[in-house]
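Subject: Structure handover and findings

Hello,

Here is the structure I promised you. Please open it first, then read my notes beside it.

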Amino acid sequence: MGVIGGLAKGILGFFSIILAIIGIAFLAVAGVVAVEFRAYADSNLFDQVYLWGPVGVGIVLGILLLLIGIFGIGGICCEKKGMLKAFAVSMFLLIVLEITAAALVYVYRGRLEDELQKGIEDGIAKAYNGSIDTETQTALNALQEALKCCGGNGTQDYKTQSLAVPIACCSDTSNCNNVTGPYFTRGCTDQLQSQYKRYANIIFGIAIAFAVLEVLAIIYSCYAVNQDDSKMV
């Protein structure tokens with residue numbers, strides 16, 4: 001293949017290994033998130049789409065990345081054109097999937113805040129008003145303690161329903177009462193939105209850089225497929 005061909009193989013091999021590792025990482029993270037989300041899912045605190053949607057995308061993306069990595073490694077090590085073609089096609093499908101995911105996030109970004117607020121308000125009504133739903137109460141308290149927040153928009157979400165503010169909203173549980181607190185000042189909708197935006201910005205930045213590498217990988221793989229027919233079958 002010459003110097004350029006050898007460089008193409010080296011870059012493809014390195015990139016394929018990185019893809020396989022990232023794929024495994026995605027699957028591991030999706031598994032952890034699935035376990036963490038189970039308490040919220042069982043309580044129906046939020047729409048299942050918003051809970052399991054990202055997990056499903058993570059699993060699909062992880063499997064796809066792992067397969068692409070295997071195709072790339074196999075194509076380079078065994079010098080198989082078929083595997084390199086599969087690698088290039090899979091990379092193209094991955095780019096399409098990333099663009100689709102980015103478009104969906106953009107389209108539904110406004111609905112997310114409304115869904116979060118509605119889910120928390122409904123959760124408060126189910127957990128503390130009338131017949132107590134212990135699963136929802138446990139999930140809501142866990143959310144407030146984990147994110148250091150209270151209600152959807154603050155303690156008023158409880159007070160407007162004439163409900164006592166739960167101890168899960170206390171910023172200092174050792175010195176807290178249901179009248180004066182002290183309570184967490186931020187609502188959980190705001191906290192969840194902040195986390196979403198923070199991680200979304202990081203993910204989008206990585207995705208843009210990754211897309212450039214993906215295009216280069218497709219170019220290198222197409223170049224490798226069209227070289228050294230005597231060696232690659």
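V212, L213, V215, L216 and I219 make up a nonpolar patch on the surface. A patch takes residues with over 30% relative accessible area and no salt bridge; like charges are joined within 9 Å, and nonpolar side chains (Val, Leu, Ile, Met, Phe, Trp, Tyr) within 5 Å. V212 sits in helix α6, residues 188-225. Helices (H or I, at least four residues) and strands (E, at least two) are DSSP runs, numbered from the N terminus. V212 counts as partly exposed because its relative accessibility is 48%. The scale is this: buried is under 20% relative accessible area, exposed is over 50%, and partly exposed lies in between (1.4 Å probe, protein chains only).

Two notes on the source. This is a predicted model, where local features need pLDDT of at least 70 and side-chain atom pairs count only at pLDDT 80 or more, while totals for chains, interfaces and linings use all residues. Residues are numbered from 1 along each chain as its sequence is written, and side-chain values use heavy atoms, with hydrogens and water left out.

Disulfides

How many disulfides does the structure hold? There are three. A disulfide here is a pair of cysteine sulfur atoms within 2.5 Å.

Take C149 and C188. Their sulfurs are 2.0 Å apart. The torsion about the S-S bond is about 90°, so this disulfide is right-handed. C149 lies in the loop between α4 (134-147) and α5 (156-159), and C188 lies in helix α6, so the pair ties together parts that are 39 residues apart in sequence. Both C149 and C188 are buried.

Next come C150 and C169, joined with an S to S distance of 2.2 Å. This link is right-handed, with 90° about the S-S bond. C150 is in the loop between α4 and α5, and C169 is in the loop between α5 and α6. The pair links distant parts of the chain, 19 residues apart. C150 counts as buried because its relative accessibility is 0%. C169 counts as buried, also at 0%.

Then there is the disulfide of C170 and C176, at 1.9 Å from S to S. Left-handed or right-handed, with -65° about the S-S bond? The link of C170 and C176 is left-handed. C170 is buried, at 6% relative accessibility. C176 is partly exposed, with a relative accessible area of 23%.

Now number the bonded cysteines of the chain in sequence order. The pairing reads 1-6, 2-3, 4-5.

Helix α4

Helix α4 has 14 residues. From its first C-alpha to its last, α4 reaches 20 Å, close to the 20 Å expected at 1.5 Å a residue. That expected span is 1.5 Å times one less than the number of residues.

Which residues of α4 are buried? They are T136, A139, L140, N141, L143, Q144 and L147. An α-helix has 3.6 residues a turn, so residues three or four places apart point the same way.

Look at N141 in α4. N141 is buried, with a relative accessible area of 18%. N141 touches Y128, P166 and A168, leaving aside residues up to four places away in sequence. Contact means heavy atoms within 4.5 Å.

Positive phi

Most residues other than glycine have a negative phi. K148 is not a glycine, yet its phi is positive, about 55°. K148 counts as exposed because its relative accessibility is 53%.

S162 also has a positive phi of about 55°, and S162 is not a glycine. S162 lies in the loop between α5 and α6. At 68% relative accessibility, S162 counts as exposed.

Salt bridge

Side chains of opposite charge can pair when their charged atoms come close. A salt bridge needs a side-chain nitrogen of Lys or Arg within 4 Å of a carboxyl oxygen of Asp or Glu. By this rule the count is one. R186 pairs with D190, and their closest N and O atoms are 2.6 Å apart. R186 is partly exposed, at 34% relative accessibility. D190 is partly exposed, at 39%.

Best wishes

Terms used
Accessible areas come from the Shrake-Rupley method with a 1.4 Å probe; for residues, only the protein chains shown count as cover.
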